[in-house]
Amino acid sequence: MNVLAITWDPSLGIDLGFFVIRYYSLMFVIAFALGYQIMKRIFIHEKVELEKLDKLLMYVVFATILGARLGHVFFYDWAYFSQHPAEILLPFKFQPTFKFTGFAGLASHGAAIGIIASLWYFSKKVMHKPLLYILDRVGITVAIAGLFIRLGNLMNSEIIGHPTGTNYGVIFANLGENFPRHPTQLYEGFGYLIVFVILFYMYWKTDAAQKQGLLFGTFFALLWSVRFVVEFFKEDQVDFEKGMILNMGQILSIPLIIIGVYFMIKAKKK
């Protein structure tokens with residue numbers, strides 16, 4: 001008897017009759033909206049023109065979706081997409097029959113690369129400040145956004161954890177299961193919340209914002225460390241990960257953790 005387990009069987013969205021608002025999409029909207037408000041407070045505090053904030057939002061939204069999509073394609077499923085290139089940027093399947101699929105595959109490591117690339121362009125063409133200036137501040141918003149993205153994964157019953165082998169865990173009933181698994185979406189989301197609190201405190205209560213690269217380094221080191229640890233509790237995302245000591249998510253996280261530590265050390269030395 002799973003007395004400590006929670007049976008999870010949500011709908012995929014809010015049915016308005018004429019339209020269904022998918023929870024996953026709703027979590028993305030909340031993440032961007034909250035990030036916008038946090039950056040607005042920062043811009044006002046630092047007397048930066050708010051007109052630039054709208055452009056920043058546009059750049060980050062586009063880079064997140066495109067980067068996450070390409071990250072999934074190249075890091076996790078190139079064998080398939082190399083044979084179906086039209087499906088990389090189109091939300092359709094063409095074989096065996098035409099079908100609308102949406103963008104089911106999104107990778108956070110790809111999103112990170114896309115965001116950094118877009119912020120480099122933004123810092124040069126719009127902000128006219130060093131790249132690390134904007135990275136230090138945007139990292140705060142990305143950390144809290146990670147929480148909502150993982151809540152969206154929970155609503156979709158995806159990125160699930162290993163069976164717990166105990167009475168504790170979450171039973172994903174809509175997957176046809178009757179045994180509890182580790183709620184890795186919640187583990188990771190809670191970890192990102194802690195990272196956000198640390199960065200938020202550092203920005204508003206310390207002089208970390210004056211030490212260029214410190215907030216960004218802390219963000220990278222902590223966020224990807226959370227990802228690395230939680231991956232031990234997750235089921236493999238793709239078949240080629242079976243038998244690997246470290247999965248793809250962990251392999252991709254290691255260099256990002258090292259980059260974060262590097263910028264932390266560099267900032268503190270300055």
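Me: What is the relative accessible area of Tyr187?
Reply: A word on reading this predicted model: residues are numbered from 1 along each chain as its sequence is written, and side-chain values use heavy atoms, with hydrogens and water left out. Local features need pLDDT of at least 70 and side-chain atom pairs count only at pLDDT 80 or more, while totals for chains, interfaces and linings use all residues. Buried means under 20% relative accessible area, exposed means over 50%, and partly exposed lies in between (1.4 Å probe, protein chains only). Tyr187 falls in the partly exposed class because its relative accessible area is 25%.

Me: Which residue forms an aromatic pair with Tyr187?
Reply: Rings of Phe, Tyr and Trp (its six-membered ring) pair if their centres lie within 6.5 Å; planes under 30 degrees apart are stacked, over 60 edge-to-face, and the rest tilted. A search of the whole structure turns up 14 aromatic pairs. In an edge-to-face one, with 5.8 Å from centre to centre and 80 degrees between the planes, the partner of Tyr187 is Phe233.

Me: How many residues apart are Tyr187 and Phe233?
Reply: Helices (H or I, at least four residues) and strands (E, at least two) are DSSP runs, numbered from the N terminus. Tyr187 is in helix H6 and Phe233 is in the loop between H7 and H8, so the pair links distant parts of the chain. Phe233 is also partly exposed, at 34% relative accessible area.

Me: What is the angle between the ring planes of Phe196 and Phe200?
Reply: Both residues lie in helix H6, four residues apart, which is about one turn of the helix. Phe196 is buried at 13% relative accessible area, whereas Phe200 is partly exposed at 26%. Their rings have centres 5.4 Å apart and form a tilted pair, with an angle between the planes of 40 degrees.

Me: Which ring lies under the charged end of Arg41?
Reply: A charge sits over a ring if NZ of Lys or CZ of Arg is within 6 Å of the ring centre and within 35 degrees of the ring normal. One example is Lys129, whose charged end sits over the ring of Tyr133, 4.8 Å from its centre. For Arg41, the charged end is 4.4 Å from the centre of the ring of Trp204.

Me: What relative accessibility does Arg150 have?
Reply: Arg150 has its place in helix H5, and UniProt lists Arg150 under "binding site" in an unreviewed entry. UniProt positions follow the numbering used here, feature names are shortened, and annotations may be inferred rather than shown by experiment. Contact means heavy atoms within 4.5 Å; leaving aside neighbours within four places in sequence, Arg150 has contacts including Ser108, Glu188, Tyr192 and Arg227. Arg150 counts as buried because its relative accessibility is 8%.

Me: How far apart are the end C-alpha atoms of residues 56–80?
Reply: The unreviewed UniProt entry lists several stretches as "transmembrane region", among them 56–80 and 213–233. Over residues 213–233 the chain is 81% helix and 0% strand, with end C-alpha atoms 31 Å apart. Over residues 56–80 the chain is 92% helix and 0% strand, and the end C-alpha atoms are separated by 33 Å.

Me: What is the radius of gyration of the protein chain?
Reply: The chain has eight helices and six strands, and its C-alpha trace spans about 55 × 40 × 40 Å along its principal axes. The radius of gyration is taken over C-alpha atoms, and the globule rule is 2.2 Å times the number of residues to the power 0.38. For 270 residues, a compact globule would have a value near 18 Å, and the chain agrees with this at 20 Å.
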